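Keep the picture open while you read.

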Amino acid sequence: MKEIIEIPHEPNATLDGIQKVMYAKNEQGEFERYNYGSSVEEFATQVAVEEYETLKQECLVRIKQGLSSPIEYFMYENRMDLPTLASAVGMFQWRVKRHLKMSVFQTMSDALLLRYADVFSLDLFYLKDFR
Amino acid sequence: MSQELSFTHSQFAHCESGVTSTLFSAYGFKISEPMAFGITSALTFVYLPFVKVNNLPLIAYRSLPKSIINTISKVLHVTMEKRSYKDEHQANEELKSLTKEGKLVGLQTSVYYLPYFPKDMRFHFNAHNLLVYGMEGEEYLISDPVFEEAVKCSQDGLTKARFAKGVFAPKGFLYYPKTMPQSVDMHSALKKAIVKNAKSMLTPFPFAGVKGMRRLAKKIESLQTETNTRYVKNYLTHIVRMQEEIGTGGGGFRFLYAAFLEEAKTYGLNAEVLTEASELIVKSGNTLREFALYCVEGSRKIEKLDTQKIAAKLVEASEYEEKAFRVLKNL
């Protein structure tokens, strides 16, 4: 009942030419490390990357409607979710959530905005004027 | 430091067990990656629907970050130097002086901020382990177990990665062994580690081990009636990413553990039991890989989604694991 471990050799564009390794058996039945490429992994990564792109595009529409703030856009741009962003700026989640609204964003002080600009590695004015 | 480090970069299936293997081998105690993984009872399954990552549940196929590093010092009775920092400057100065002494040190980092990672792989995963083995100008020389060759990283990039915030925030965590194991009783250490791992996989807690796999399978089945297809697609591929990408590939943690059981045979444990369990865990690994393929197929053609078929594969894998760990529990 020797179970064989197949080593996939499919392209994976998300790895920029790197090949990862996995364990499989050699002809003597001993485990060894082998390079592999998996299109299943490629697809899963691409879905995650595209999801952030979609979130960004949807956010741009809401910014134009005056609903969402640039902070929400850059949260997705930096592949963050609310807990990650809140931890990065060192504020409570409920507070960060308010800052994702354009109406609140427009009343925020420069000092407060700067904390976000630093996390996103942006110029303060760029963040303020982003539409 | 008096002893010479015989350091060679190697690529591994999983970052924490890989780093541990290179680190201990360099300091004079040869240990393979599967051995580092197995002797710390690192195989697991956890599905926590109430802990969210990007609005999706936490799913893990191996133990918590840092657990291999913390457990190995207990199992092998060695002292590890472990430091966390509040101050970035101090963290950098200490790292610099350690590399000047010629020490090889492990670091916990966030993948997102490491500039040498491919763009598509950079997500906020805070528990990536790598080794620093020197400096060249202002750049650190790094042995990253995910990469085929050694890499370099600027001090700024590395500092950002060491001080990323969020879940499992690394806080500049740095580690290296201070003492080396003296005459380890591998026979009893391995027996304990395997039985411990078997117990954790057979736990009655419904969100972990084989029960956790079945719980997740039930959840997958329930996605059949979910009308938000974007959510379903994200959910299924999220499972695949947690299984395949965070550290290793292709049901890789299962193959890693199977390799460990094979290696454990050389220490006088019951070879028959280990062979049987190893084969079953390979089967589970292969089944998990099919499961991942079904998840991807389901999200590609969402109109043809058959969640029962996907869930059944996961249940099948859980059955192999239950059998394997029932055998191993009585080793």
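This is a predicted model: local features need pLDDT of at least 70, side-chain atom pairs count only at pLDDT 80 or more; totals for chains, interfaces and linings use all residues.

## A lysine in a strand

Start with A:K25, which sits in strand β1 of chain A. Strands here are DSSP runs of E with at least two residues, helices are runs of H or I with at least four residues, and both are numbered from the N terminus. Is A:K25 buried or exposed? It counts as buried, because its relative accessibility is 18%. The cut-offs, using a 1.4 Å probe and protein chains only, are these: buried means under 20% relative accessible area, exposed means over 50%, and partly exposed is in between.

Leaving aside residues up to four places away in sequence, A:K25 touches A:E3, A:I5, A:E30, A:F31, A:Y34 and B:E279. Touching, or contact, means heavy atoms within 4.5 Å. With B:E279, the side chain of A:K25 makes a polar contact of 3.1 Å. That term stands for a pair of N or O atoms within 3.5 Å; within protein, one must be able to donate a hydrogen and the other to accept it, and residues adjacent in sequence count only if both atoms are side-chain atoms.

Residues are numbered from 1 along each chain as its sequence is written, chains are lettered from A and ligands numbered from 1 in the order in which they are written, and side-chain values use heavy atoms, with hydrogens and water left out.

So what is the mean pLDDT of chain A? It is 94, and 99% of the residues of chain A reach 70 or more. (pLDDT is the predictor's confidence in each residue, from 0 to 100.) Within chain A, confidence is lowest in strand β1 (residues 20-25), with a mean of 92, and highest in helix α2 (residues 70-77), at 98.

## Where the two chains meet

Now for the meeting of the chains: 50 residues of chain B are in contact with 44 residues of chain A. Together they bury about 4,200 Å², and carbon and sulfur atoms give 56% of that. Buried area is the accessible area (1.4 Å probe) that two parts lose on being put together, summed over both.

There are 20 residue pairs in polar contact between chain B and chain A, both residues being at pLDDT 80 or more. On the chain B side, α2 (33-38), α8 (229-245), α9 (252-264) and α10 (271-300) each supply at least two residues that touch chain A. Which of the elements gives the most? That's α10(B), with 11 residues. By class, this side of chain B has 20 nonpolar, 13 polar and 17 charged residues. Here Ala, Val, Leu, Ile, Met, Phe, Trp, Tyr, Cys and Pro count as nonpolar, Asp, Glu, Lys and Arg as charged, and the others, Gly among them, as polar.

## Salt bridges

A salt bridge is a side-chain nitrogen of Lys or Arg within 4 Å of a carboxyl oxygen of Asp or Glu. The structure has 20 of them over all chains, and 3 are between chain B and chain A.

Inside chain A, look at A:K56 in helix α1 (residues 39-64). It counts as buried, as its relative accessibility is 9%, and its salt bridge partner is A:E53, at 3.1 Å from N to O. The two are 3 residues apart in the helix, so about one helical turn separates them. In chain B, B:K313 has a salt bridge to B:E290, at 3.2 Å between the closest N and O atoms. B:K313 lies in helix α11 (residues 307-329) and B:E290 in helix α10, so this pair ties together parts that are 23 residues apart in sequence. B:K313 also pairs with B:E316, at 2.9 Å.

Most residues other than glycine have a negative phi. B:H77, though not a glycine, has a positive phi of about 50°. You'll find B:H77 in the loop between α3 (67-75) and β3 (80-83) of chain B, and with 68% relative accessibility it counts as exposed.

B:F168 also has a positive phi, near 60°. Its loop runs between α5 (155-162) and β8 (174-177) of chain B, and at 35% relative accessibility B:F168 counts as partly exposed.
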